[in-house]
Amino acid sequence: MIDVSYLSAAPEMMLVLGAVAVLMVDVFAKPPPRVHGWITAAAYLAAGASIVLQWQRLGAGGGGLSFGGALVLDPWAAAVRAVLLVVAVLGTLCAWEMLAGLGRRMAEGVSLVLVATAGFMLMGASVDLVMVFIALEIGSIALYVLAGIVRSSPAGDEAAMKYFLLGAFASAIFIYGGALAYAGTGATNLFDIERFLNDYLVARPAVILIGMALLVVGMGFKVTAAPFHSWAPDVYQGAPAGVVGFMAAAAKVGGFAALVHILFIGFARYQGAWSDGLAVIAALSVVLGTLLAIGQSDVRRMLAYSGVAHAGFLLTGMTAGAPAADGLLFYLATYSVMLVGAFAAVTAVSGPAGAGSSFDEYRGLGRRSPVAAAVLALTMIAMSGMPLTTGFIGKFQMFASAWDGGYEWLVIVGLAASVAAFFFYLRLVVLMYFRPGEENGRDPDAPLPLPVTIRWVLLFSAAVTLVFGIYPGPLLGLLTRV
Amino acid sequence: MVDYLWIVIALPLGAALFNHFLGRRVGEPRAAVPAILSVAGAFVYAALAARDFFVSERASEEAVTVVRLFDWIPGLGATAELLWDPMAAVMTLVVTGVGALIHIYAVGYMHGDPRFGRFFTYLNLFIASMLILVLANNFALLFVGWELVGLCSYLLISFWYTRPSAAAAGKKAFVVNRIGDFGFMVALMVIFAAFGTLSYTEVLHEPGEVIGAGAATAVCLLLLVGAAGKSAQLPLYVWLPDAMEGPTPVSALIHAATMVTAGVYMVARTGALFGLSDVAGGAAATVGALTALLAATIAVAQRDIKRVLAYSTISQLGYMFMAVGVAGYTAGLFHLVTHAVFKALLFLGAGSVIHAMAGEQNMDRMGGLRRKMPITHLTMLVATLSIAGIPPLAGFWSKDEILAVLFAKGGYYTVLWGAGLLTALLTAFYMARQYFLVFGGEARWGEGAEPHESPRIMTVPLLVLGVLTVLIGFVNTPFRLSFEHFLAPAFEGVGLLHAPEDGFLLTALALVSTAAGVVGIAIAYLVYHHASEDTRERLLGRVRRPLMTWEHGYWVDEVYGRLIVKPGLALANWSAGFVDQRVIDGLVNGIGGAVRRAGGRLRPLQSGFVRSYGALLALGAVALVAWIAARGL
C-alpha cells in the first residue's frame, strides 16, 4: 500500500526546488533581479512539464493513490495544478515590479510565491485531511507573509496581521472539524471515510456532521464565502497591489479544489446534508457580496466583495455534487484569469506596491491607458456574466447544475443578484470612459506607464476571456476529462 | 475538401478584417485585391467541394454532409455545424460567383470614393454572413447569418450616410426587418419548444412525427413573416425600393441577387415543415402572387431607373414564393439562380448608365444611349429579354417552370397561375419601357452631360453575366432536368411538386407565357418607341389616374405613415415621456435606492476590527453547524 510515486508530487517538488534555488543563489551570489526571474521561469517550466507528464500517465490509465494514500493523482488534481500554474505565472509577472522593488529581500518574495503555489497545488491533490491541512498551511502562511512584505506600508502590515489572525482562527476550526471527523469515522483519509460511511449505518452521525460542517467553514474562509469572508476586503485593500490578484485567485482555486475532494469523495454519503448547507452559504454569499460591493468606493474592496459573490456562484454549482465538477473547474480557471487581469490593471493604476485604489483614480482611465482600461472593462463585463465572455458560460453552467440538482430557488437568487451586480461592475466602466479625470494638481490625461509584464498579463487575460467566451469548446473539452 | 468548408466563410471574413484595419493604408485600387481574391477563392473552393454532387452514381444520402466545427453553446444545444448538400452548394456558388463579379465591377464604380476600403470591408462581411446563413445546419446559426446580413444591408444602404435620404432608407430597412425578425424569432422559440433542438438534422427529419398540422402551420406562418421581411414581400416590401439609396453594386448584390432571396431559401430549406401545412404553403403562394402582381404594376409607372428594378425584384421574388408555396422547390430555386444572374446584370447595367450620366437616375432625361454605350446596351438588352421571358434566355426557362408548376397544382392555384401570367405580361412591358426610355429614341439629356461607355473593369463583369444569362437556363429545360436531379438529394423525404410531363401541355403553357412576354414588349414598343411624342402623351393621359396611383406605389408608404408610424411615434413618445421616465426610472431608482440603502445598512458588519471579524466567523460557523446537524439528524 505504501507506494511512493514521485510523479504525483513532481510539480510541487519543482516549485519548492525553485524556491530553494532562489534563496541559495541569493545567499551566495547576490544576483540581479533577472537571475531570480530565470530561476523562477525554469521552476514554472519544470512544473508545467511535470503536469504534462501527469496527464500522459493519466491518459495511459495510470494514476491513483500514493504517499501512503495521502496524495492522489487523478484528472482533477492535474487540472487544478494546471490552473494554478497559469495563475502563478500571471501573478508573478504582475508582481514582478513589486518584487524587484524589494531590493535585498526580493528572493524572499519570489520564493514565497513559489511556495504558496506549491501549497495550493498540494491542496488539490490531497485526499487525507491531515495532508489537506498541511497543504493549506503551506499556502496560507506564505500568503500571510506576502501580504505584509512591503515593510514601509502600514496598510500592508495591518492586512498581513488581520489575514494571519483570522486565518489561524479558520485553520483551528478546520483542524477541529478534521478531529471530529476522525472521532466519528476513525479515519482521516477521505477514501477511508467514504468506505466507513458506506459500510456502516451510523446511528448517531452528529459528531461526523459537525466535523464536516467545520471543515466546510475552514474552506469557506479560504474561498471567501459569506459569512467567513470579512478578512478579504481589508486584506485585498492593504496588501501590495502586485500580489493581490495571485493571492485572491490561488486561495480560491486551492480552497475549492480541496472542498471538492472532501465533500465529493469523503462525505458523498451525506450529500443531502451538505448540499443544503452549501446552498445556504451560496445564497448568503451571492446576496451579501453583491449588496456590499455596490456600496464600495474602492476598487479593490469592490473586487473582494465581487469575489464573495463569485464564491457563492461556485457553491451554487457545487450543490449539485459530482456532476458539477467540470463546470466548477471551467469557472475557477476562467474567473482566476479575469481576477488576475483585473488586478493587473489595478497594479498599473495604484503602483506595484501601493495600497488602496479609490474609484476616483479610475476616472478617465480610458484616455490615460487605453489597454488597461479596455481590459479592466472587459473583465468587469465578464464578471457580470455577459454573453460572449467566459463569465457567462461559467455562470450558465453553475446555474444549470443547481437547477438540475433541484435548487431552483438558488438559481433565482443568483439571477437576481447578477442583475443587481451590473450596477457596480458597469459603474467602473462608466467612470473609466465617461467621466473626466480628476483635477487635483496633475494632468488628467497624462498617460499611465504600463510595464511590459503587466501588459502581457492584461492581454493574456483579455484573450482568454474573449476567445473562450465566444468559443468555449476546446477549454470545455479539455476540462470535461476531469 | 468538405471537412474544411469553413474556409469558404473564413476567406471573405479575413479579407473584411484586413480591409477594416489596413484598408485605408493600402489605398484605393489595392484594397480591392484581397476582397476580390477572397470571394473568388471561396467560389473556387465551393465549386471543388461541390464536384462530388455531379457524380450521379453517388447514393443520395452521401450527398448530404454535416461538417461539425465546434460545440458552440452546449447548454443550449447550439452547435456550429455546416450543412453541405446540393442546395447549400447552389446558394454558395451563386453568392460567391455573382459576388465576385460584382466586387470586380465595384472597383470601377466606387472609384474615387473616400471610403473605398470601408466599402469592400462591408461587402466582404456581407458575403461571409450570407455564407453563414446558407451553410448553417441549425436555426441558431441561420439566425446569426440572418441578422448579420441585415446589419450589412443596413450599413451599405446608408453607406453615403451624409445624404439624409440614405440614412433614412437605412433606418427604414432596419425597422421593417425587425418586424420580420420578430416573427422569425418567435418561430425559432416554438421550434425549440416543440423539438427540443434547433438542428436541421433533427427538426427536418420527419417532423410530422413530433408536431401536428396545427403547430406546423403556426411555425410556418411565423417563418413566413420572417421570410416576407427579408425577401420584401407583402406587406413588408416597402423598405426595398428605398434601399436603392445604397451604391448600385450593393443593390445588385444584396438587394437583388442574394440577401433578398434568403427568405425563399429558408422556405425551401424548411420544406419538410411546410409540407405538413397546406395552409402555410397556400399563404406563401398567395402572398407571392399578390406581391408579384402589385409590384409589377408599380414598376410600370416608375421614372427612376433603379426603382423600376427594385419593384421588379420584389415582383420576381413573388414568383419564387409562388413556387415554394406549392412545394415547387426546384422551380423556385431555379428562378432564384437565373434571377440572381440577370437581375445582377440589370442592376450593374443600370449602374453603368448612372455612372455615364454622372449620377442621373431619372429615365426621362436619358434616351439614345444605344450608340454611346454599346456594351452596356447589348448586355442590358439580353437581360431585358431574359426577364421578359423570351426563349431561349434564362428567365424564360425558370419563369415557365414556375407557371407550369402552379398550373399542375390546379384548383385555386390556377388563379395564381393567371396572376403569374398577367405579371409576366406586365414585366415584359415595364422592362421594355425601361429599355426604350434609356437606350432607344432620341437623346433627352441636358446640356453638359457627356455619356460614355464605362471602363473595362465594369464592362467585363457585364459581359460575363450577359453570357451566363444566355446559357444558364439550359441547366434545367424540360428536355433535360439536370438542375432538378442535382438538387434531388436535398429534398429527400420532402414532397416535391414537379412540372407536368405531358409534352403537349408544356408546349401550350410555354407558348402562352411567351405570348404574354411578346405582347408586353409589343405594347411598350408601340407606346414608347413607335408612337410620336403627342400620341404618347394622349395615350398616357387616358390612363393618368391609375398611372398616378402606381407611380406612388398605391400610396402604401403614406398609408403606413398615417396608420402605423405616426401612432407608433406617439406611443413611443408617450413611453419615453411617461412610462420610461416616471414608471421605469422610478422603479429602477427605487430599487437602486433600496439596494444602496440595504448595502449601507450592512456596512457596519465591516468595522475593520479583527475581533468583530472573528466573532462573525465564529457565529457563522455555529450557525452552519447547527443547520447541517439539524438537517442531517
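I take helices (H or I, at least four residues) and strands (E, at least two) as DSSP runs, numbered from the N terminus. This is a predicted model, where local features need pLDDT of at least 70, side-chain atom pairs count only at pLDDT 80 or more, and totals for chains, interfaces and linings use all residues. Residues are numbered from 1 along each chain as its sequence is written, chains are lettered from A and ligands numbered from 1 in the order written, and side-chain values use heavy atoms, without hydrogens and water.

I looked up B:Pro392 and found it in the loop between helix H16 (374-387) and helix H17 (394-409) of chain B. B:Pro235 sits in the loop between helix H8 (213-230) and helix H9 (239-242) of chain B. A reminder to myself: most peptide bonds are trans, and most residues other than glycine have a negative phi.

**Positive phi**

I noted a phi near 50 degrees for A:Phe67, in the loop between strand E1 (64-66) and strand E2 (71-73) of chain A. A:Phe67 is partly exposed at 29% relative accessibility; buried means under 20% relative accessible area, exposed over 50%, and partly exposed in between (1.4 Å probe, protein chains only). B:Trp555 has a phi near 55 degrees and lies in the loop between helix H23 (544-551) and helix H24 (556-602) of chain B. Its relative accessible area is 34%, so B:Trp555 counts as partly exposed.

**Helix H15, chain A**

I checked H15(A) (residues 370-383): its 14 residues reach 20 Å from first C-alpha to last, close to the 20 Å expected at 1.5 Å a residue (1.5 Å times one less than the number of residues). Since 10 of the 14 residues are buried, H15(A) is largely enclosed by the rest of the structure. The buried ones include A:Leu376, A:Thr379 and A:Met380. They pack against several helices of chain A, among them H12 (299-318) and H17 (408-434); contact means heavy atoms within 4.5 Å. Just after H15(A), A:Gly385 takes a positive phi of about 90 degrees.

**Cores**

I found A:Met380 again among the residues with the most contacts inside the largest nonpolar core, which has 189 residues. Such a core is a set of buried Ala, Val, Leu, Ile, Met, Phe, Trp, Tyr and Cys residues joined through side-chain atoms within 4.5 Å. A second, separate core of 185 residues includes B:Val149 and B:Ile305.
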